[in-house]
Amino acid sequence: MLIQQNMAETGGQRAAGFAAAAALVAAASYALYKVYTRQQLLPLAGTSSGRQQLPPPVESVMGAIGNTPLIRIASLSEETGCEILGKAEFLNPGGSVKDRVALRIVQEALSSGRLQPGGLITEGTAGSTGVSLAMVAAAVGCRCFIAMPDDAAIEKAQLLQALGAEVVRLRPVSITHPEHPVNVARRKAADTPGAVFADQFENLANYRAHLGTGREIWQQTRGTLHAFVSGAGTGGTIAGVSQALKDLNPSISIVLADSQGSSLFNKVKRGVLYTWHEAEGKRLKNPFDTITEGVGLNRLTANFAAGVVDDAVRVSDSEAVEMAAYLLRNDGLFLGSSAAVNCVGAVKAARALGPGHTIVTVLCDGGARHLSKFHNPAYLRQYDLTPAATGVPLAGCWGQVE
Ligand SMILES: Cc1ncc(COP(=O)(O)O)c(C=O)c1O
């Protein structure tokens, strides 16, 4: 009896031992699998497989714009069970998605004869479009004039000047004021013979540039994507990509990732441009909108209106900051604020769709342009936005689909 009991106990202990060993092996295999899946596509640095056909030389810096890689974001893919892919627009020569737009605006102006070599291209912007326009203008032998608000980071003005642009810095005012950068740039073009106002918000060359981005995404995914997620500033990216993808497969879902303070979410969901700030009795004296840059808007542009957007998710600043820290830590991706907004949007879309779907988003620019704000711990502290950096932010944040 005693022997039987001892044998039963020993058997039980052995079974528990086996179970523990099996769990250990499974955990180790999973860890190895994760490392393997992240590294399997990597040839050893300095070697070449010889199988890949590299493209021939391009004629100028403009030939290096576009055809950006689509990067699998391993951490987000594993967390959601979806394939989450980011279009690496930060690899454009001017450092952002706006290279495509600047190129198309200048090409269309040149081919219509409105702009000639030696002519002037003007824009009112504090953002990446100015940098891209200054680069493309130099490449085609034109000059560039950029009007920008004087509260934008000084590095941007310095960068634009280094690229050869004439820069004027103006007191920040509303778009209805004649001294708003957009109005100053428009006037400068009207007053200068041979000058063209780039007008990225209303000029549909912007949307047309992104028809190409959409076709690249289709090719790179071999048409297997289920959703495309993007924020909107001018709306050119989401409009052009959505149109190109819908033409190829109307069932691909187009989701707007709208940053806090923007009214485009309500435009998509409820048909009206409206922010919670505008609710009666809620308007604050100084509504704090967002620390993200380049995305979010409170007016309807011709470019945004040209798109086909099926759904929208909201993205808070705290989610964007958390995502940027998470992607740097887990994937080595050092991204700007709008790219972080897009990745939060992609996770929310993945949660809504469920595992097994392929979702593409845009990595608009890199983190280096955001060192003084979005990637500055002291700046984030001012807004109580220090990332938690616990390693598993997906568990707590980003669960809510709106
Ligand atoms: C860095 C960055 N990301 C995203 C966007 C938004 O893209 P779009 O203007 O195509 O809506 C912009 C627009 O200025 C931008 O500068």
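This note goes through model confidence, the ligand site and the cysteines.

1. The model is predicted: local features need pLDDT of at least 70, side-chain atom pairs count only at pLDDT 80 or more, and totals for chains, interfaces and linings use all residues. Residues are numbered from 1 along each chain as its sequence is written, and side-chain values use heavy atoms, with hydrogens and water left out.

2. Mean pLDDT (the predictor's confidence in each residue, from 0 to 100) is 87 for the chain, with 81% of its residues at 70 or more. Residues 1-9 have pLDDT below 50, and this stretch makes zero contacts (heavy atoms within 4.5 Å) beyond near neighbours in sequence. Residues 280-287 are also below 50, but that stretch has six such contacts in the model.

3. The ligand is surrounded by 13 residues, counted when one of their heavy atoms lies within 4 Å of it. The closest are Lys-98, Gly-233, Thr-234, Thr-237 and Ser-338. The shell divides into three nonpolar, eight polar and two charged residues, where Asp, Glu, Lys and Arg count as charged, Ala, Val, Leu, Ile, Met, Phe, Trp, Tyr, Cys and Pro as nonpolar, and the others, Gly among them, as polar.

4. Oxygen atoms of the ligand lie 2.7 Å from a polar side-chain atom of Lys-98 and 2.5 Å from one of Thr-237. A ligand nitrogen is 2.7 Å from a side-chain N or O atom of Ser-338. The protein covers 94% of the 380 Å² of accessible area that the ligand has on its own (Shrake-Rupley method, 1.4 Å probe).

5. There are zero disulfides in the structure (cysteine sulfur pairs within 2.5 Å). For Cys-142, the nearest cysteine sulfur is that of Cys-144, 9.5 Å away. Cys-142 is buried at 10% relative accessible area, and Cys-82 is buried at 1% (buried is under 20%, exposed over 50%, partly exposed in between; 1.4 Å probe, protein chains only).

Definitions and conventions
Polar contact = N/O pair within 3.5 Å; in protein donor to acceptor, adjacent residues only side chain to side chain.
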